Each structure stands twice: as structure tokens, then as C-alpha cells.
Amino acid sequence: MEPFTLHRGLVAPLDRANVDTDAIIPKQFLKSIKRTGFGPNLFDEWRYLDRGEPGMDNTRRPLNPDFTLNQPRFKGASILVARKNFGCGSSREHAPWALQDYGFRAILAPSYADIFFNNCFKNGVLPVRLQESEIDRLFHEVAAFPGFELIIDLPNQVVRSVDGSLVYAFEVEAFRKDCLLNGWDDIGLVLRHADKIREYETRRLAEQPWLGKTLGA
């Protein structure tokens, strides 16, 4: 997992509350568990004018010109500003996979569905909780200033504008912060103890050699 420390990026707005995971990545795309390749189908039903299916050539599909991410000014955005209860609905981990594969490193919203919130941290996406008044201000800044960027400083737990005129502090649980800073997902956390695991397995087989035959070691 790619570490998250200090990120500067273009901001895209999604002015909708209660965005559920089926809107983030529709159910027909959940057959793959590779974690990659979902970006072209992020917000599929909103981005395109036809119904998307796995295997379609998305470059030939008609785009919805009214959808935010299809507007040229938001091309390459890596920070998403959204409304409350983002990521509600089913618990599919494909939702943060799709956001990350598209290029988003962070989401700013007043609140999130719990399972989606947890899944973001496990996949290197930082979900930042800000006050609704702060989110309102960010929507205003994005609308007023094309190319509006933010800097997200995870070590110091602040979101700030490039010129420093806006500075918003946010809370993040210490363990989750440490994992993001170091790029540790669940597997990475386990592999930190690989030497101890190998040492244990070697000792166990020496003390109980029949386990080697039982387990096929």
C-alpha cells in the first residue's frame, strides 16, 4: 500500500449526500477481486449515458456532460469533496478500490458510513471528517476558483489551501494514522512479524514433527 504523508491535489466536488457504494461502483462490476481496473467504472451510472457492463470499451461510451468528473476542469483530481454519509449502503470493498484506481487519494466529507470509512484506511485512501460549515466553504472555493487545490498534511492532521488562507484540523485515530503513514495494510502489518512467524513454525515442527505430515509441510 502506498504511504500517505503530505498530499497536494486538485479538488473535485460531488455535491450529493448519502452517496451509496452501488453508486460508487455498481454491482455488475464486483466479479473481479484484483483491486485494480475499477477506475473507469467509478460512478458509472452518473458518468455515462448508457448502462455499463464488464468488458465494455469505456472510451467509446457516451459521457454525461453534466457530471462533475466529466468536466475538463476536474481532470486529474485526486481529492474529492462530498456531503454527509458518504459510502453508505452495502459494505463492498470495491468502492475504495474504484476511488483509488481512478486517482483519488483522499475524500473530505462531514460523515461516512462506518464500513466504508474502515475500508478506505485499509486501502490507502484517507477519509477526512470536516465540519459541514468547512465543507460548505470548500464547495464555494472549488466553484469560484478553477484549478483549486488543497494540501492534506496527515502528520499534522490539517487540510489547508495552497495559499494558507484556509486551514482545517481533523481527527484521525492513532493506529490508522500510523498505518497510512507507513503504507501498512492488513497483510503488511502481519508481514512485519514474518521473522517471528517463521521462527515459530520452525520450532513448532521441531517439537511436534508429526504436524509436518499432517499439514503437508
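L126 reaches well beyond its own stretch of sequence: setting aside neighbours within four places, its contacts are F4, R105, A106, I107, F121, I152, L154, F170 and L180. In this predicted model, L126 also belongs to the largest nonpolar core, where it is one of the residues that touch the most other members. Here is a short tour of what surrounds it.

**The sheet**
- Seven strands make up an open sheet with mixed pairing, and their order is β4-β3-β2-β1-β5-β6-β7.
- At the edges lie β4 (126–129) and β7 (167–169), each of which pairs on one side only.
- On average, neighbouring strands of the sheet are turned by 30 degrees against each other, direction ignored.
- β2 and β3 run parallel and are joined by three bridges; V81 stands opposite L108 in β3.

**Helices α3 and α4**
- α4 packs on the sheet, where it touches β3 and β4, and its direction makes about 135 degrees with that of β4.
- Helix α3 (residues 94–102) has H94, A95, P96, W97, A98 and L99 buried.
- The cover over these buried α3 residues includes α1 (21–24), β2 (79–82), β3 (106–109) and α4 (114–122).

**The nonpolar core**
- The largest nonpolar core has 56 residues, and those touching the most other members are F43, F86, L99, L108, F116, L126 and L138.
- In soluble globular proteins, nonpolar side chains tend to be buried together.

Methods. Residues are numbered from 1 along each chain as its sequence is written. This is a predicted model: local features need pLDDT of at least 70, side-chain atom pairs count only at pLDDT 80 or more; totals for chains, interfaces and linings use all residues. Side-chain values use heavy atoms; hydrogens and water are left out. Buried means under 20% relative accessible area, exposed over 50%, partly exposed in between (1.4 Å probe, protein chains only). Helices (H or I, at least four residues) and strands (E, at least two) are DSSP runs, numbered from the N terminus. Contact means heavy atoms within 4.5 Å. Two strands pair if DSSP finds at least two bridges between them. Axes are lines fitted to C-alpha atoms, for helices over the stretch in contact, and angles run from 0 to 180 degrees between N-to-C directions. A nonpolar core is a set of buried Ala, Val, Leu, Ile, Met, Phe, Trp, Tyr and Cys residues joined through side-chain atoms within 4.5 Å.
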